[in-house]
Amino acid sequence: MRSPVLAPSILSADFTRLGEDIAACQAGGADWMHVDVMDGHFVPNMTLGPLIVEACRRATSLPLDVHLMIEKPENMLEAFAKAGADRLTVHVETCPHLHRTIQQIQALGVKAGVTLNPATPAIMLKEILPLVDLVLVMTVNPGFGGQNFIVETLPKIVEIRQALDAIGSNAWLEVDGGVSEKTLPALMKAGVDAFVAGNAVFKHPNGIHAGIKTLRAVLADNL
Ligand code: DX5
Ligand code: ZN
């Protein structure tokens with residue numbers, strides 16, 4: 001297994017000092033920055049658009065892992081790619097023409113990810129799996145940081161790991177929601193290799209560096 005990727009989610013950052021928080025993540029050893037885009041329709045919260053992604057792009061040289069929790073994501077792909085996204089992940093629940101959407105993302109020169117909500121079964125990915133660069137399993141219902149990990153998602157993660165291995169896919173298997181030092185070991189055992197973490201990084205009582213260091217230690221212990 002390749003070395004695990006840690007992707008702090010800026011949703012839990014202090015937006016009055018977003019550049020500094022992102023720089024602290026990079027200096028602390030983050031691998032990617034995860035950026036949550038919400039439209040108030042697909043999920044019951046609104047966050048940010050290409051303008052902020054472009055600002056993140058100027059704040060870091062790390063890959064920007066952009067998670068689109070929006071309806072009709074196909075209309076916004078080019079704007080996010082131009083803003084500097086390195087990965088664009090769309091929800092199967094928002095994409096009736098998922099195959100086309102994945103092709104559109106890759107044609108923009110960006111890695112294409114697909115994600116599914118906790119109640120959406122792994123089988124929804126079957127036909128698209130060979131084409132994607134990343135699979136993101138939501139381990140909370142999307143919309144907010146700081147929610148509890150939904151343990152019932154673990155068998156689905158194992159199922160997707162097996163499906164990726166069976167077709168010889170190199171796609172990252174990423175999880176998002178409730179990732180912490182407590183939930184990491186089970187997630188690693190299930191075959192996850194990329195971890196989004198919001199509160200565990202930005203709300204650590206001793207700061208961002210301590211948050212990253214704590215998670216990295218658990219990742220190293222469970223390799
Ligand atoms: C939730 C977002 C997550 C969120 C995770 O809808 O997609 O990326 O920031 O936050 P934590 O790690 O605090 O659960
Ligand atoms: Zn996310």
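1. Start with where the ligand is: ligand 1 sits in the largest pocket. "Sits in" requires more than half of its atoms to lie within 2 Å of the pocket's grid points. A pocket here is an open set of points on a 1 Å grid over the protein atoms alone, where a 1.4 Å probe fits, with protein on both sides within 12 Å along at least five of seven lines.

2. A word on the source: this is a predicted model, where local features need pLDDT of at least 70 and side-chain atom pairs count only at pLDDT 80 or more, while totals for chains, interfaces and linings use all residues. Residues are numbered from 1 along each chain, chains are lettered from A and ligands numbered from 1 as written, and side-chain values use heavy atoms, without hydrogens and water.

3. Now the pocket itself. The space in the largest pocket is about 300 Å³. Its lining has 26 residues, and Gly-145, Gly-146, Gln-147, Gly-177 and Gly-178 are the closest to the centre. Strands S2, S3 and S8 each give at least two lining residues, as does helix H7 (199-202).

4. Which residues are closest to ligand 1? They are Ser-9, Asp-36, Gly-143, Asp-176 and Gly-198, out of 20 that surround ligand 1 (a heavy atom within 4 Å). By class, this shell has eight nonpolar, ten polar and two charged residues, with Gly counted as polar.

5. Look at the strands next. S2 (33-38), S3 (64-69) and S8 (194-197) each supply at least two shell residues. S2 has the largest share, with three residues.

6. Backbone atoms meet the ligand's oxygens in several places. A backbone N or O atom of Gly-143 is 2.7 Å from an oxygen atom of ligand 1. For Gly-146, a polar backbone atom lies 2.8 Å from a ligand oxygen, and for Asn-199 a backbone N or O atom is 2.9 Å from one. Taken alone, ligand 1 exposes 380 Å², and the protein buries 99% of that (Shrake-Rupley method, 1.4 Å probe).

Terms used. Polar contact = N/O pair within 3.5 Å; in protein donor to acceptor, adjacent residues only side chain to side chain. 1 Å grid on protein atoms, 1.4 Å probe; cavity = no way out; pocket = protein on both sides within 12 Å on 5 of 7 lines; lining within 4 Å. Helix = DSSP H or I, 4+ residues; strand = E, 2+ residues; numbered from the N terminus. Points joined across faces, edges and corners; volume = space filled by probe spheres on them.
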